[in-house]
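User: Please take a close look at the aromatic ring pairs in this model. I would like geometry, placement and accessibility in one connected answer.

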Amino acid sequence: LGLLSKYPMGMLAIGLAGYVLSSRTTRGLLTNARLWVAVGVAAVLLAPNLWWNLQHGFITFGHTAHITGVGEQWLYPAKLAEFWAGQWVAFGLLLMPPLVLLLIRPATWRHEAYRLLAWASLPLFLLVSLQALVREANPNWASPAMIGFAILVTGTLWAQRRRWLLIGVAF
């Protein structure tokens, strides 16, 4: 249903696939019939939208390509830096550094819940970062990714560094 609203919701599916494939434990989900029933239901719900797009020359995808500048000259590191700065300010000046540390820390990727949150958020954030590098990206385009990141950071800081969390939220 999310894909019917916004195509970036597809990045959540990619992230969840990454999560499932990221360890032996979660790879077992691939043999779970309920997962494939859910994928089938999602495909059935999305099919009319794809059919309409097919009948109309994929106009919505063309519009998305147009506003993102696909096919134009690219590589604008300053735009990427501007986007990341906007993310830093929006996420929290004192909360972004712990997020970055969590994402590069191997222990995060070994912890089941942390890995799920990181995988759910990282693909969209990286896609919008790539968009910022190749043309321009509005800071709000990565907002859905911040949901999982916020839970990851606040949960970790609540368990380990409550004082830092309270100060970070205050700023």
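Analyst: Start with a cluster: Phe83, Phe125 and Phe149 are joined by ring pairs. This is a predicted model. Across the whole structure, a search turns up three aromatic pairs.

One of them is formed by Trp109 and Trp119. Their centres are 6.1 Å apart, with 85 degrees between the planes. The pair is edge-to-face. It links distant parts of the chain. Trp109 sits in helix α8 (residues 106-110), and Trp119 sits in helix α9 (residues 112-134). Ten residues separate the two.

Accessibility comes next. Trp109 has 24% relative accessibility, so it counts as partly exposed. Trp119 is at 26% and therefore also counts as partly exposed. Buried would require a value under 20%.

Now back to the cluster. The ring centres of Phe125 and Phe149 lie 5.9 Å apart. Their planes meet at 70 degrees, so this pair is edge-to-face. The cut-off for that class is over 60 degrees. This pair, too, links distant parts of the chain. Phe125 belongs to helix α9, while Phe149 belongs to helix α10 (residues 143-160). They are 24 residues apart. Both Phe125 and Phe149 are buried.

Trp119 is partly exposed because its relative accessibility is 26%, whereas Phe125 is buried. Phe125 is also part of the cluster with Phe83 and Phe149.

Notes:
Residues are numbered from 1 along each chain as its sequence is written. This is a predicted model: local features need pLDDT of at least 70, side-chain atom pairs count only at pLDDT 80 or more; totals for chains, interfaces and linings use all residues. Side-chain values use heavy atoms; hydrogens and water are left out. Rings of Phe, Tyr and Trp (its six-membered ring) pair if their centres lie within 6.5 Å; planes under 30 degrees apart count as stacked, over 60 as edge-to-face and the rest as tilted. Helices (H or I, at least four residues) and strands (E, at least two) are DSSP runs, numbered from the N terminus. Buried means under 20% relative accessible area, exposed over 50%, partly exposed in between (1.4 Å probe, protein chains only).
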